[in-house]
Amino acid sequence: MYTLSKPVTLNESSEKQVEFIPKVYNVPIRKFNQILINAGGYTQNNIQASSKIRFNNTKSAGMGMPLPKGTVRVFKEDTADKSLEFIGEDSIQHTPKDENVTLTIGNAFDVKADLVANNRTSFSAGGYRADMKLTVTNHKDVPAEVEVKFSTYYGDNLSIKWAASNPAKLAKQSASEYTITQILKPDEKAVYSWT
């Protein structure tokens, strides 16, 4: 149930489209590029990143109201003529106030990754071991925050031995999900290794 901010008159046997979530400007956001990979022992080439934004649905961010399930459209001000430029849209579920909202607004063609599996060894009792190397490249002319999300699909049966030389730490989110986050400089490559 959502409450309208002002009274609405509806004539008998009629329909009316009502805007009850106002437009919001200058919401503080976190913009990042997300790469999803399977951390298991298979090579994946030319992995594309998704462009994401995350914001807090709080009063201090200019919002703080329950959001209904639907489409959220995102616009950015064009610095040349101050017009609003459409940059993407995504669907959300019903979201209570004071919760984070993450939107996928497109693909980042200039942030790419390659995953290489070396020395893959299968065991007779089932399972395998592989030396993995992930290379993430920022082809942008500006720094880019990159979040790599490793999905294991094997729960506690997968063990990742993260190389100490890696430029970012691996964070375990759940039994089947790990993440790393790093800001890459323009044209920078980051290489991560694990077993």
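With which side chain does Glu147 meet in a salt bridge, and at what distance, N to O?

Reply: That partner is Arg30, at 3.6 Å, N to O. A salt bridge here is a side-chain nitrogen of Lys or Arg within 4 Å of a carboxyl oxygen of Asp or Glu. Bear in mind that this is a predicted model: local features need pLDDT of at least 70, side-chain atom pairs pLDDT 80 or more, while totals for chains, interfaces and linings use all residues. Numbering runs from 1 along each chain as its sequence is written, and side-chain values use heavy atoms, with hydrogens and water left out.

Arg30 sits in strand S1 and Glu147 in strand S7, so their pairing ties together parts 117 residues apart in sequence. (Strands are DSSP runs of E, at least two residues, numbered from the N terminus.) Glu147 is buried at 8% relative accessibility, whereas Arg30 is partly exposed at 25%; buried means under 20%, exposed over 50%, partly exposed in between, with a 1.4 Å probe and protein chains only.

Arg30 also has a salt bridge to Glu145, at 2.5 Å, N to O. Glu145 is in strand S7 too, 115 residues from Arg30.

Lys52, in strand S2, is in contact (heavy atoms within 4.5 Å) with residues including Arg30, Lys31 and Thr104. Lys52 is buried but has no salt bridge, and the nearest side chain of opposite charge is Asp90, 6.0 Å away. For charge, Lys and Arg count as positive and Asp and Glu as negative, leaving out His and the chain ends.

Conventions
Helix = DSSP H or I, 4+ residues; strand = E, 2+ residues; numbered from the N terminus. Lists of a residue's contacts leave out its neighbours within four places in sequence.
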